Amino acid sequence: NEGFATYLEGLNYEHGIGPTDWTAWKQGKIDHVTSSPGGSVWVNDTTSVSRIFSSRLSYSKGAMLLHMLRWELGDDAFFQGVRNYLNDPDNAYAYGQTEELKVHLEATGGVDLTTFFENWYFGQGYPTYALQWSANGQQVMLQVDQTTSHASVSFFPMTLPISITGPGGQDTLLRLPNTVNGQSWLIDLPWTAQDLAFDPDLWLVKGPTQITVGVDDPVWASSIRIFPNPVGDGLLTIDVPDVTLQRVQILDASGRLVVDQDAGGRSTLQIHLDDLPPQTVHLVIQTDQGLLWRKVVK
C-alpha cells in the first residue's frame with residue numbers, strides 16, 4: 001500500500017508535475033534501499049509499528065519493486081494489470097492481497113512472477129553487478145557477474161537494461177534476460193561499439209556497478225594455447241600456464257550458450273565438442289587475472 005503511494009508520487013515527477021527531477025527521485029530511492037544490506041518488503045512482524053511503516057522497506061523498496069515490475073512487464077502490461085487488480089469485483093470493499101496483484105500482472109504480462117516475488121517481496125537485499133565487455137568490430141562480448149547483499153537470495157534473475165553507443169551518436173538499448181550468474185552474451189551490431197552503460201534509466205535496485213572494458217588482450221594472453229583449431233570431433237584443449245582457469249563458456253554462432261564449465265583453478269582444461277555441429281564458436285575464458293575471448297572452428 002505504501003509502496004503504491006510512494007510510486008504514484010514518483011510518477012508525478014516522471015510526468016513533470018512537482019519540483020523533483022524523475023531521475024533524481026529514482027536514484028534517491030535506490031540509494032535509500034541499498035543503504036543497508038537486508039530487509040524485505042513483506043512485513044514479518046505486524047506488531048511493530050516501526051517495521052510496518054519502515055521508510056526504507058515499505059515505502060522506498062515497495063515503490064521500486066513496482067518500478068522493476070513495470071520494467072519486466074512493459075508499460076502496457078504493467079498498467080493494465082494494475083487497473084484490472086483495482087477493478088476486480090472480488091477486491092471491491094475488501095482487502096487487497098499481494099497474491100491477487102501478482103495474478104493480474106501475470107495475466108496481462110504472460111509471465112510467471114513467482115521467482116520475482118520470492119526474491120523482491122519476501123526475500124531480502126539486492127544485487128550488485130560486475131560487467132566485463134569487449135568490442136571486436138561489430139560484435140560485443142559481454143559477461144555479467146552478480147553478488148547479493150543478503151543470504152536469503154542467492155541470485156536475482158532480472159532483465160538487464162544495457163545501452164551501447166557507437167560513432168555519430170548511434171545507440172541501442174538491449175533487454176538481456178540474466179538467468180544465471182556469470183552469464184555471457186555475443187551481441188551483433190550494425191556499427192562498432194564505443195561505449196556501454198548499464199541501466200542508464202535506473203530501472204533496477206542494485207549496488208554500485210563495476211564495468212571493465214577488455215578491448216586489448218592482457219599480457220598473460222600471449223602464452224595461452226587453444227588446440228587443435230579447427231578442433232573437428234576431438235577434444236578442445238585450453239592451456240594457460242601463467243594464470244589459473246576459473247570458468248570456460250562456449251557460445252555457438254548464434255550467441256547461444258552451449259558449454260558452461262567450471263575449471264576449478266586448473267591451468268589446463270579439455271572440453272568435448274563431439275555433439276556440436278560444424279561452425280565457428282566463441283570461447284569466453286575466465287581466469288584469476290580477467291577475461292579472454294577467442295574463436296575456434298569446429
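**Entry 1: F78 and helix α5**

I began with F78, which lies in helix α5. Helices here are DSSP runs of H or I with at least four residues, strands are runs of E with at least two, and both are numbered from the N terminus. I noted that this is a predicted model, in which local features need pLDDT of at least 70, side-chain atom pairs count only at pLDDT 80 or more, and totals for chains, interfaces and linings use all residues. I also noted that residues are numbered from 1 along each chain as its sequence is written, and that side-chain values use heavy atoms, with hydrogens and water left out.

Is F78 buried or exposed? I found F78 buried, at 2% relative accessibility. The cut-offs are under 20% relative accessible area for buried, over 50% for exposed, and partly exposed in between, with a 1.4 Å probe and protein chains only.

I then looked up the contacts of F78, a contact being heavy atoms within 4.5 Å. Leaving aside neighbours within four places in sequence, F78 is in contact with Y7, L66, L69, R70, L73 and L105.

Next I took α5 as a whole. The expected span of a helix is 1.5 Å times one less than its number of residues. For the 13 residues of α5 that gives 18 Å, and the end C-alpha atoms are 18 Å apart, which agrees.

Which residues of α5 are buried? I listed A77, F78, G81, V82 and Y85. Seen down the axis of α5, these buried residues fall within an arc of 130°, so they line one face of the helix. The arc is that of the directions from the helix axis to the C-beta atoms. The buried residues of α5 pack against α1, α4 and α6 (98-109). On the face turned away from the buried side I found the exposed residues D76, L86 and N87.

**Entry 2: helix α1**

I went on to α1, residues 2-14. Helix α1 has 13 residues and reaches 19 Å from its first C-alpha to its last, close to the expected 18 Å. Its buried residues are G3, T6, Y7, G10, L11 and Y13. They line one face of α1, because they fall within an arc of 150° when seen down the axis. What covers them includes α2 (22-33), α4 (55-73) and α5 (75-87). Just after α1, I noted that G16 takes a positive phi of about 80°.

I looked up N119, found in helix α7 (residues 114-122). N119 is buried, with a relative accessible area of 10%. Apart from neighbours within four places in sequence, its contacts are Q124, V153, F155, F156 and P157.

I then turned to T159 in strand β3 (residues 158-165). T159 is buried at a relative accessible area of 13%. With neighbours within four places in sequence set aside, T159 is in contact with W71, E72, R175, L176, P177 and L204.

Strand β9 (residues 235-239) pairs with β12 in the antiparallel sense over five bridges; pairing takes at least two DSSP bridges between the strands. Which residue stands opposite I271 of β12? It is L236.

**Entry 3: the cores**

I looked up the nonpolar cores, each a set of buried Ala, Val, Leu, Ile, Met, Phe, Trp, Tyr and Cys residues joined through side-chain atoms within 4.5 Å. The largest has 54 residues, of which L142, I162 and I164 touch the most other members. Its largest share, eight residues, comes from α4. A second, separate core of 23 residues includes A221, V248, I250 and I271.

**Entry 4: the whole protein**

I counted seven helices and 14 strands. Buried residues make up 47% of the 298 residues. The C-alpha atoms fill a box of roughly 70 × 45 × 35 Å along the principal axes. Among contacts between residues at least 6 apart in sequence, 62% join residues at least 24 apart.
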